[in-house]
Amino acid sequence: MILHKWGVVDYEVAYEKMRDVHTEASKDKDNHLILCSHPSIFTVGTDDCGKWSVKTVKSDRGGSITCHSEGQAIAYFCFQVTEPLLFYRSVKRAYEDLFSSILPDVSYDKGNPGYYIENRKIASLGFRYRFGVSLHGVALNVDVDLSFHNQVSPCNIKGIVPTSLANEGIQLSLDEVNDSIVRSVCKAFDETI
């Protein structure tokens with residue numbers, strides 16, 4: 001697996017860079033994992049038809065509204081995918097492994113894809129597939145400004161509020177969480193860097 005660490009990068013710039021990595025993955029047939037975070041922004045997927053009180057940026061992923069900000073561990077996957085369901089299960093397994101070691105109360109909700117503690121959403125995920133390679137990924141709230149995130153319901157799901165590892169009492173740096181993500185992804189996909 002080839003690891004890309006970008007730090008904090010504007011969403012639009014990251015989107016273009018992700019597409020470049022996707023093209024590279026289509027050619028070199030390697031799995032590429034991108035770790036980054038974005039300055040505060042709300043993105044909406046292609047099937048969103050909401051009218052928002054916040055400024056949004058259109059994305060080519062599915063789903064509704066997602067909030068990104070610094071302090072969020074974003075993992076974009078440009079992985080070789082022959083079976084999207086098996087790929088998705090492996091991503092799910094990686095994050096379940098991660099949460100089992102740092103915050104066991106987190107669970108995956110199949111009906112509203114994401115990771116939750118009761119009615120609090122801590123991570124969103126969404127993917128697309130083109131030419132046998134995945135795009136987009138998982139956004140995990142590590143230590144974010146929840147007042148910014150609270151401007152909308154995560155993924156426009158009524159009764160759901162955002163949370164973060166820090167808000168749940170887990171004090172880990174973004175670097176520590178990213179290192180754990182890499183280990184969990186390597187384990188779930190039987191990969192090495």
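## Charges and strands in a predicted model

Reader: How exposed is Glu24, as a relative accessible area?
Author: This is a predicted model, and Glu24 lies in helix 1, residues 11–28. A residue is partly exposed when its relative accessible area falls between the buried limit of 20% and the exposed limit of 50%. Glu24 counts as partly exposed because its relative accessible area is 36%.

Reader: How many salt bridges does a search of the whole structure find?
Author: Side chains of opposite charge can pair when their charged atoms come close. The cut-off used here for a side-chain nitrogen of Lys or Arg and a carboxyl oxygen of Asp or Glu is 4 Å. With it, the number of salt bridges found in the whole structure is six.

Reader: How many residues apart in sequence are the parts that Arg128 and Asp60 tie together?
Author: Arg128 forms a salt bridge with Asp60, with the closest N and O atoms 2.6 Å apart. Arg128 belongs to strand 9, residues 120–130, and Asp60 to the loop between strand 4 and strand 5, so the pair ties together parts whose separation in sequence, in residues, is 68.

Reader: Which of the two, Arg128 or Asp60, is buried?
Author: Buried means under 20% relative accessible area. Arg128 has 27% and therefore counts as partly exposed. At 15%, the buried residue is Asp60.

Reader: Which other residue is linked with Asp60 and Arg128 in a network of salt bridges?
Author: Asp60 and Arg128 form a salt bridge with each other. The network that holds them also includes Arg19.

Reader: Which residue in strand 5 is the bridge partner of Phe42?
Author: Strand 3, residues 41–44, and strand 5 run antiparallel and are joined by four bridges. In strand 5, Thr66 and His68 point one way and Ile65 and Cys67 the other, and all are buried. The bridge partner of Phe42 is Cys67.

Conventions
Residues numbered from 1 in each chain as written. Predicted model: local features only at pLDDT ≥ 70, side-chain atom pairs only at ≥ 80, totals over all residues. Heavy atoms only, no water. Buried < 20%, exposed > 50% of the residue type's maximum accessible area, 1.4 Å probe, protein only. Helix = DSSP H or I, 4+ residues; strand = E, 2+ residues; numbered from the N terminus. Pairing = 2+ DSSP bridges.
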